[in-house]
Amino acid sequence: MKKRTFGARTWKNMLAFAQPLFKREETVLVGFSGGPDSVCLLHFLHFLAGKKHFEVIAVHVHHGLRGAAADADARFCRGLCQKLDIPFLCYKKAVRSLAKKLDLSIEHAARKARYEAFAAAARKTGACKIALGHHLDDQAETVLLNLLRGTRAEGLCGIPLRRPLTAKTEVVRPLLCITRAEVEEYLEVNGLPCVTDQTNLDDAYTRNWIRLQLLPMLEQKQPKIRQHLAAMAAQLAEKLS
């Protein structure tokens, strides 16, 4: 890892933020889509696992929504895990059928399918942690999304750093301390490939509109709006805990 050429302050921040989330000898699942955030997370935790002596297993969820593109993403994820010598699990889910059966949107059905897959993988492997690649920009977007939808104070806490998934397993988010730009820098510095989900570019989805339209407009008035929203969410979460 070329950590010395990656911003020293960012690297130090990542280590200080993530290390308390993990314990020696435990098994950690990593939600691995192949996108930039999950590639950064998997590579970073692969390094940290060597330092703190825990096991990392990648979990990829194939939603059955994008045909050949989704198949290619699964192959990419498997291949990168082979290169890094990381165990790889792939779960296929029929999200459209699930959405119809439960009267959910495709987006909500996909999220439900992912967490069902993560819980199944945790039972299979005995993992006590599931690490997901949400970062600081995701936090800012979530706060704004909840605000637009109408929310109680809890909604302004955004994405929790950690939360229980099952009685024996919790979800943790080791990248909440860094921005999307820092994720992209990490990939560039370490020469890491990733895949792009074209649905993330469609601003018909409200979250995408917030990311592609609203936040850039707010940033013109306040360049640190993302950091301010994330800091507010963290402070409010602490007060409400």
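These legends describe close-up views of a predicted model. Local features need pLDDT of at least 70 and side-chain atom pairs count only at pLDDT 80 or more, while totals for chains, interfaces and linings use all residues. Residues are numbered from 1 along each chain as its sequence is written, and side-chain values use heavy atoms, with hydrogens and water left out.

Most residues other than glycine have a negative phi. E25 sits in the loop between helix 1 (8–18) and strand 1 (27–31). Helices (H or I, at least four residues) and strands (E, at least two) are DSSP runs, numbered from the N terminus. E25 is exposed, at 61% relative accessibility. Here exposed means over 50% relative accessible area, buried under 20%, and partly exposed in between (1.4 Å probe, protein chains only).

**View B. Helix 6 packs against helix 9.**
Two packed helices are described by the angle between their axes and the distance between the axes. Helix 6 (residues 136–149) and helix 9 (residues 225–240) meet at about 75 degrees, with axes 8 Å apart. Helix 6 is therefore roughly perpendicular to helix 9. Axes are lines fitted to C-alpha atoms, for helices over the stretch in contact, and angles run from 0 to 180 degrees between N-to-C directions. Angles under 35 degrees count as roughly parallel, over 145 as roughly antiparallel, 65 to 115 as roughly perpendicular and the rest as oblique. Helix 6 contributes L136, D137, Q139, A140, V143 and L144 to the contact (heavy atoms within 4.5 Å). Helix 9 brings R226, Q227, L229, A230, M232 and A233. Eight of the contact residues are nonpolar, two polar and two charged. Ala, Val, Leu, Ile, Met, Phe, Trp, Tyr, Cys and Pro count as nonpolar, Asp, Glu, Lys and Arg as charged, and the others, Gly among them, as polar.

**View C. K129 forms salt bridges with E26 and E170.**
Side chains of opposite charge can pair when their charged atoms come close. A salt bridge places a side-chain nitrogen of Lys or Arg within 4 Å of a carboxyl oxygen of Asp or Glu. The count comes to 13 salt bridges. In the pair of K129 and E26, the closest N and O atoms are 3.1 Å apart. K129 is in strand 4 (residues 129–131) and E26 in the loop between helix 1 and strand 1, 103 residues apart. Both K129 and E26 are buried. For K129 and E170, the closest N and O atoms are 4.0 Å apart. E170 belongs to strand 6 (residues 170–172), 41 residues from K129. K129 has a relative accessible area of 5%, and E170, also buried, has 18%.

**View D. A salt bridge joins E116 and K93.**
The N to O distance is 4.0 Å. E116 lies in helix 5 and K93 in the loop between strand 3 (88–92) and helix 4, so the pair ties together parts that are 23 residues apart in sequence. E116 is partly exposed, at 34% relative accessibility. K93 is partly exposed as well, at 24%.

**View E. H43 meets Y186.**
H43 is in helix 2 (residues 36–52). H43 is buried, at 12% relative accessibility. A polar contact of 2.8 Å joins the side chains of H43 and Y186. A polar contact is a pair of N or O atoms within 3.5 Å; within protein, one must be able to donate a hydrogen and the other to accept it, and residues adjacent in sequence count only if both atoms are side-chain atoms.
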